[in-house]
Amino acid sequence: MAQRAVWLISREPGTPFCGTVRFSRRYPTVEKRAKVFNGASYVPIPEDGPFLKALLFELRLLDDDEDFIESRDSCSHINKTSVYGLLIGGGELWPVVAFLKNNMIYACVPLVEQTLSPHPPLISISGISQGFELLFGVQDFLSLSQKNDTELNTKLNQLPDLLLQACPFGTLLDANLQNSLDSINFASVTHSQKQPAWKVGTYKGKPQVSISITEKVKSMQYDKQDIADTWQVVGTVTCKCDLEGIMPNVTISLSLPTNGSPLQDILVHPCVTSLDSAILTSSSIDAMDDSAFSGPYKFPLTPPLESFNLCYYTSQVPVPPILGFYQMKEEEIQVKITVNLKLHESVKNNFEFCEAHIPFYNRGPITHVEYKVSFGQLEVFREKSSLVWIIGQKFPKSMEINLSGTVTFGAKSHEKQSFDEICIGGTAYLKLHFRILDYTLTGCYADQHSVQVFASGKPKISTHRKLISSDYYIWNSKAPAPVSYGSLLL
Amino acid sequence: MGPLSRETWAQRLGAFRASPSAFMAGPEGEDLGRDLLSELRSEKLSEQTKVSLLALSLEYPAQLWPDATAAEAAATSLLDTLVLLPPRPSALRRPLLLAATTALVAGDALGPTSEASRRLLPLLLGLASGRDLGRGFGPASEQRPLQATACECLRELESCKPGLLGGCLGLLRGLLGQEGPVQPLSLLLALALRNTLVIQARARARARLQGLLMAGDTPSGGDPWNWALAEEGDARLQPQAPSWPAAEEECGLAVLEPTPEEARELRAAVAQLLDTSYLLTPVAQAQLLWLLGWALRGLRGQTPVLFKPQLVRLLGTAQLTLLHAVLALKAAFGEALFTAQDEALLLRRLTVAAQHPALPLPAHLFHLHCLLSFPENWPLGPTGEEAAPLLLGPRLCRGLLPSLLHDPMALLARLHLLCLLCAEDEEKEEKGQDWSPRHYLEELLAGLRQRAALDGGPRASATLCFQASYLVVQGLATQPTVLTPLTHGLARLYRARPVLAPHFVDLLDRVGPELGEPLRVALRQEVVSRPGRDEALRWHLQILAEVADGNAQSATLGFLGAAAAHCTDWGLQQALLRVCRALLRAGVGGGLADLLQALARQWEDPDGRDHARLYYILLAHLAGPKLGVALGPSPAAPALASSLVAENQGFAAVLMVQEAPAPIRLSVGPHRAAGPGPVLQLHVEVLEPAYSLELRFRVEGQVYAPLGAVHVPCLCPGRPCSPLLLPLQPRRPAPTRLDVRALYTTPTGLTCHAHLPPLPVNFADLFLPFPQAPEGDKLGFFEELWDSCLPKGAESRLWCPLGPQGLEALVSRHLEPFVVVAQPPTSYHVAIRLPPDSRLLLRLEAAQEDGVPVALRTDDWAVLPLAGDYLRGLSAAV
């Protein structure tokens, strides 16, 4: 369950080492056990320099992609999880849990309590999930309200103290590092018997509960006979409960209107104390039918102090909010494009913003555009070879808008134009970006009466909703497009 | 060294962290550990700096205090520092406790005889119990965090010395029921309980569990430390969560037979831990479940039903660790805790988690791994291999199939699942639907190839394409419907982008013949049908060197002939020669000889020319098998990657001679006293077949003329070979030793050279009879010889001891051919010719019971001592 060492490495392409170790922490007592458990297959934790080099090589983050290197590029060298073996000093350091996120590499080496040759299956090593949780925790901490390098450095400087709190001997006590930071500050508060470990203090002040539902809708639209369009809603319910008492009990219910789309694949926060089996079993894997559980979705819980994600869900709404097609035809150095977008009548026609981004990959800069739009304005980014159609706050009464035009490109220069592996030849997409406030596509809502609080004082309850687009693609229907298996099952 | 400023320390710590080994090897290394301890008491340094010093000692105790004595001293010093802290709030107490614990454990100093251990343990237990330890241990506000820290220290000590806290179970339980901090105490109790159970099971000790669990709040008098139990445990560290396959034997709790009361008490303790588990952080809950799950597995009287109330809550969460812990319970208890319906539900939750858009990619991948290694109640397939669980039908998998838009790792993981589905699909009837998984797989691979074919695309996309192809071949090697389009697709990919040749060679080296054979043919056709003169030529030659064989000779040779003109630089020439080598190895003959001759004439580079000529000579002079071996990988160093080196070693193996341990045994047979000169009769035996054996002899001391070599065409083990005759030409009549070397060819075609043990040539081996004496006057003949020895020669008399057989037997065995006059059993006259031109005459007369007096004469005085030795040794040499 313990970790032997943890690293944070910032990725710096173009520098001699292509990265810098920003933080590392070793656990010698765990290392002691590793030596005994691993026996002849034991490989000691290397110093930062060799580790950095070996990890970046394995993750293909060194700037030497030019040549075929067997130990990295061989077809049989296959990684199907974020767990790697690093060749260091003649031995293989395994298992190294590592992933790259926002130019930062998070890595740790969990203790394996047996010999390492042959490698035991990952599922049987408790330290793997603990390692992931530690790295996710560090990642959450670093990314929380972080805006610039100075803030990042401040947070990195806090890490040694935080890990001393959250992971003093390599066995993780709390993946929520913010919690550990608070506990350092809360040290003077007297604790009583049933204080949960995930709640370091108690709230004092006006009781209030805030619930916000954010739905992201993604879509793949092809406008083709033999390929089905797909779309999916992913919801996140975020809560902040400012309530007095050590363990206030709260029940939050999410409701759907009569024609709402059932919530599926619900994952809840660990503070939820019990779950209805209907919530547990409603899943997108099953075929939809009318008998699907449609709420209300009740979540009894004991809230932590900080803001938390009460639950995530997915949903399959009957139609995508905006249905469109995109036709692009290549004619020598220019392309002809036609775009049609239609807002579904059931969707709230009041956007915070709505834009269609039309990138042209693997081509030269745009030299000339002739176009006609039925609505909104078109902006041309010549060097980036892309068009942005700004649709604005509302679709017109007809709910349908068009764009047609001809785009001419200059000569391709390799440095500037972005390379894309998907958009080869006629394969192209447009991507919609929009946001609608106080609205959810599923209809899901939490109102004041849906919140029960078993604590002193009547809390003020506020609720928020919004719908945003995410990965909303409309593919050129005149050329092949990448499809998922689901799109082929008409 | 005097006190250092904050900045100096910051620099020093920075230098240390950059490379601890380099720092410790430098001038400051030796003092660092000592300085650090003394600086902790300095009043000039801020607490923050001291915490950073302690942080260093937490990470690198082995470097700072490398042996047990130093570690013990360091721990003592750290404890002293702790005691001396003024009674106001301080950030140093927690790290000091952690550092003292770390120093003791990492330095192997923890034990009943260690003074520091004897101070630290009661201190930790006192803090953990929440006892008031006096003002020295900080203000009340610090008690709670210190209590938690003390528990963590104890947990670490128990992890490293399992059984140490075996005597504190009751105390810990009591604390958990009162006001103690829930999480640290729960984890500590769970670990101590588990370790106690396992150690008792291993030692087959009668469980005194109830006593341990019921012991009062405070340890009843004396030491609560169970060093004895810890010693038992110390022989082997306890895996806190043993890997599944190993767990069965690892725990072996079945041998424990707790009484009903003990079982009840144990159940109560576990229930107590589980009931408050929701107060723990998710990661700590997961640890608790792993510990308790494996603690109770197999223990009699314990049903896993205790865990049931927790499961629904755990299954609903998005936490990786909690789902993983549930899987661990599933593996530990199987059907006893999870019915078939539960198993199905767990699988569905896992399937959801493996693709839920709200979870990050590493979590998806790990869940997918768990899905394919799912601990089923009734597994069908072989254990240890990834496989789709029975309940995971195609419908459940639908969302888990790969698409081109996935990240490479996700794509490969999902592709693996798709291959498993296709393999199952094959077993069923083809269902006639357009988009079978196999069809989808083909489309996906085509997409990957299209991406890899992109000019200027990153190496990673090419690698991904080949990894995917390899995965598919691994999983679906028996399906021609998959392999045929794959082969054609790869050949097209090569046509589009020959620069990927190294990937093709790598793939060919790793896949079996199912794909390898047809892909070789396709690639060869691809290459030879497109003569190139540009950059691609290099890659074409690399491919051809891999795929060229006896087939399509004329096309291949035609291609090479055309290419030769464009091979203007050394690298290209060598690449072309590598193809020639491959063809030579494949036994291609006539056309190749012409090509090689042409190359030897045509090329200007002397190296290329020489190689071409060498290959031509090899081709013209070596028979097929020998040629194969000459060009094949060297058995001496098969691992070298450079083709040039490999090539040279191939030659070295054959064209040079290999030194080898001798598989040949040589011995001297019975003496043949006939003919004009002495001849050694040699017997040869071999342990393995040897061809064209040549034995070379060298005479030590040059007492004989140089000896000719002996040739044997073929020797096989167990097949007798007629004796080999080695004529000797002595320059002096003296014994000697022959140095023997063997040169032979092994069945694999290698020429070997071996040094055999030296062969002795004895004095008697040189004996020759005189030509037949005139009939009737043998005595006169002898007397004439006898007289002729003097005055030039020498005379002697000596006593020749006789064995029990007597004189007659002795003579007939050793001297028979040389007897001139015999009057058995009493008198013999013996005349021996010693080449080159010496004689030895013996008169054996008047034999007595135990010996015979011998009169001897020789015309060569140098022979006299040899003859004496010979005669005295006769009776011994039966």
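What follows is a short tour of a predicted model, starting where the chains meet and ending with some local details.

**Where the chains meet**

Let's start with the contact between chain A and chain B. On the chain A side 100 residues take part, and they touch 118 residues of chain B. How much area do chain A and chain B bury between them? The figure comes to about 9,700 Å², and 64% of it is on carbon and sulfur atoms. Polar links turn up here too: 42 residue pairs, both at pLDDT 80 or more, are in polar contact between chain A and chain B. If you sort the chain A residues that touch chain B by class, you get 52 nonpolar, 25 polar and 23 charged.

There are also 4 salt bridges between the two chains. One to look up is the pair Arg33(A) and Glu156(B), whose closest N and O atoms sit 2.9 Å apart.

Sequence neighbours within four places aside, Ile78(A) is in contact with Leu412(B), Gln467(B), Tyr470(B) and Leu471(B). Now jump along chain A to Pro321(A): that is 243 residues away from Ile78(A) in sequence, and 40 Å away in space from C-alpha to C-alpha.

**How the chains are divided**

Chain A is split into three pieces: domain 1 (2-183), domain 2 (208-319 + 441-474) and domain 3 (322-438).

Over in chain B, an unreviewed UniProt entry places the feature "domain: AP5B1 C-terminal" at residues 781-873. That stretch of chain B is 29% helix and 39% strand, with 28 Å between its end C-alpha atoms.

**Backbone details in chain A**

| Peptide bond | Omega |
|---|---|
| Trp94(A) to Pro95(A), cis | near -5° |
| Ser117(A) to Pro118(A), cis | near 0° |

Where do these prolines sit? Pro95(A) belongs to strand β4 (residues 91-101) of chain A, while Pro118(A) is in the loop between β5 (104-110) and α4 (126-143).

One last stop is Asp471(A), in strand β21 (residues 460-475) of chain A. Asp471(A) has a phi near 50°, a positive value in a residue other than glycine.

Notes
Residues are numbered from 1 along each chain as its sequence is written. Chains are lettered from A and ligands numbered from 1 in the order in which they are written. This is a predicted model: local features need pLDDT of at least 70, side-chain atom pairs count only at pLDDT 80 or more; totals for chains, interfaces and linings use all residues. Side-chain values use heavy atoms; hydrogens and water are left out. Contact means heavy atoms within 4.5 Å. Buried area is the accessible area (1.4 Å probe) that two parts lose on being put together, summed over both. A salt bridge is a side-chain nitrogen of Lys or Arg within 4 Å of a carboxyl oxygen of Asp or Glu. A polar contact is a pair of N or O atoms within 3.5 Å; within protein, one must be able to donate a hydrogen and the other to accept it, and residues adjacent in sequence count only if both atoms are side-chain atoms. Ala, Val, Leu, Ile, Met, Phe, Trp, Tyr, Cys and Pro count as nonpolar, Asp, Glu, Lys and Arg as charged, and the others, Gly among them, as polar. Domain bounds come from an automatic or database domain assignment. UniProt positions are given in the numbering used here, feature names are shortened, and annotations may be inferred rather than shown by experiment. Helices (H or I, at least four residues) and strands (E, at least two) are DSSP runs, numbered from the N terminus.
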